[in-house]
Amino acid sequence: MRKSTSKEMIGGLALTSSLSQTTKKPSKLLPLSHSYRQARFSQCNHNHTHTIKNQRLNHRLNGLKIVRGEKLLRDLSTWGIGGPCNYYIEVFNQNQLVSALRFCHENSLRFMIIGRGSNCLFDDLGFDGCVILNRIEFLERIESGVFRVGSGFGFNRLGTMCSIKGLTGLEFAGGIPGTVGGAAYMNAGANGQETADIVDSVEIVTTGGQFQTLLRVDLSFGYRSSPFQDMQDLAAIAAVTFRLRHSESARRKQLEYLERRRSSQPVGEKSAGSVFRNPSNLGVSAGELIDRAGLKGVRVGGAMVSNIHANFFVNSGESTSRDMLQLISLVKEMVYQKFGVQLKEEVLYVYPHCNYLNPNRDK
Ligand SMILES: NC(=O)C1=CN([C@@H]2O[C@H](COP(=O)(O)OP(=O)(O)OC[C@H]3O[C@@H](n4cnc5c(N)ncnc54)[C@H](OP(=O)(O)O)[C@@H]3O)[C@@H](O)[C@H]2O)C=CC1
Ligand SMILES: C=C(O[C@H]1[C@H](O)[C@@H](CO)O[C@H](OP(=O)(O)OP(=O)(O)OC[C@H]2O[C@@H](n3ccc(=O)[nH]c3=O)[C@H](O)[C@@H]2O)[C@@H]1NC(C)=O)C(=O)O
């Protein structure tokens, strides 16, 4: 992979060089198809406690507000599930992002970057580390149809804005709850379009605190997969530049997609979109298989397979993470028994304690 540009420091806030040597991105997300139960008990670091010297609860550091132990992940997730995280920081620009990463590094905290939490299942036990909420929301017009966009910018908002301007390529983003960063990370797609189609370049921050611009030609995306998911030294996607073409019919197409979404998905209910990836080369979707297995409406506690779209599992009230995990396991098992198809999760389960490095996603 060719990485263009620079190892510049931003605002004098670049991380110390030791960061790149000592801290891999302390990734803690694995696809659910990994054995999370075994992992939780055999590989977790139970002695992982953090004492941060000379720091008050909820204090400010370089303009960052650091919240300790209060923030509930259920409030940061479209599923509405999840306990507290030990540390919580909102970042509004790239300097703050680097400061937050440096704070995590200096205090040996595991961290994760989230956007709208629309693809995550947090645990009721919470997250033993620091959650960095991405609010980097700038948008810069480079030239006609080309935009450089902060990774915390709403993907729905961007898609709507572009379509209204008569630009094609992001019609599918209308109604998608995630951020630009989350969309690039997951290669979000719908209606035959996907994020990779219109990406021009992606700016990342490495665990060494360096900014790099990666050109599209050097990035290899697949169905719901991106090179960022396996990138050892990725700390965060900071910005994405999109290149779109003009089309008179963009907005009309988007409104059709939105209408289709409203009629076929449980819009407005607490979900994380599709729970499973569609099986490759089978010509049948995960939703159709679950539906044909007669599982619509099946529930475990407060977690339920949607009656509208079987690949959406909704938190119908007080679902715990355990309810949702059990429902996912149950559906997998039933679909396997009935059709011999092993479904693979699209949603990401966030381990509360495990100190995983590199999720090595199961694609
Ligand atoms: N088609 C549809 O209808 C739907 C699609 N989606 C898609 O799911 C995705 C979720 O987006 P969003 O809610 O923002 O993501 P989330 O907040 O759910 O984050 C999910 C994971 O993505 C990674 N991530 C998110 N932002 C960044 C970033 N700036 N830099 C590096 N990694 C990042 C992180 O993984 P890690 O910590 O492992 O690095 C994070 O844990 C989008 O692609 C969205 O389009 C979601 C719901 C419905
Ligand atoms: C929601 C997501 O993305 C969605 C995206 O919105 C839609 C629209 O393009 O296409 C994918 O769903 P999907 O493959 O289920 O698409 P749909 O058009 O809803 O359904 C496919 C087929 O399954 C059938 N179907 C679907 C649901 C159901 O309960 N029963 C059923 O029989 C439909 O009738 C259709 O024939 C994406 N999901 C995946 C895993 O690829 C997401 O990623 O979170």
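**Polar contacts, domain 1 to domain 2**
I started at the boundary between domain 1 and domain 2 and found 3 residue pairs in polar contact, both partners at pLDDT 80 or more. This is a predicted model, so I kept that in mind while reading the side chains. I noted that α3 (94–106) and β6 (111–114) each give at least two residues to the side of domain 1 that touches domain 2. α3 makes the largest contribution to that side, with 4 residues. Sorting that side of domain 1 by class, I got 5 nonpolar, 6 polar and 1 charged residues.

How many salt bridges cross the interface of domain 1 and domain 2? I got 0 by the rule.

**Where the domains sit**
I went back to the domain bounds: domain 1 runs 66–134, domain 2 runs 139–250 and domain 3 runs 268–349. Going by C-alpha atoms, I have the centres of domain 1 and domain 2 at 22 Å from each other. For contacts, I listed 12 residues of domain 1 against 17 residues of domain 2.

**Buried area**
Interface size is often quoted as the accessible area lost when the parts come together, and I looked that up next. Between domain 1 and domain 2 about 1000 Å² is buried, and carbon and sulfur atoms account for 61% of it. Which residues of domain 1 lose the most area to domain 2? They are Q94, R116 and N134, and together they make up 45% of what the domain 1 side buries.

**Salt bridges elsewhere**
I then searched the whole structure and got 13 salt bridges. One I looked at pairs E90 with R135, with the closest N and O atoms 3.5 Å apart. E90 is in strand β5 (residues 85–91), while R135 is in the loop between β8 (127–134) and β9 (139–143). The two are 45 residues apart, and the pair links distant parts of the chain.

**Record check**

Key:
Residues are numbered from 1 along each chain as its sequence is written. Chains are lettered from A and ligands numbered from 1 in the order in which they are written. This is a predicted model: local features need pLDDT of at least 70, side-chain atom pairs count only at pLDDT 80 or more; totals for chains, interfaces and linings use all residues. Side-chain values use heavy atoms; hydrogens and water are left out. Domain bounds come from an automatic or database domain assignment. Contact means heavy atoms within 4.5 Å. Buried area is the accessible area (1.4 Å probe) that two parts lose on being put together, summed over both. A salt bridge is a side-chain nitrogen of Lys or Arg within 4 Å of a carboxyl oxygen of Asp or Glu. A polar contact is a pair of N or O atoms within 3.5 Å; within protein, one must be able to donate a hydrogen and the other to accept it, and residues adjacent in sequence count only if both atoms are side-chain atoms. Ala, Val, Leu, Ile, Met, Phe, Trp, Tyr, Cys and Pro count as nonpolar, Asp, Glu, Lys and Arg as charged, and the others, Gly among them, as polar.
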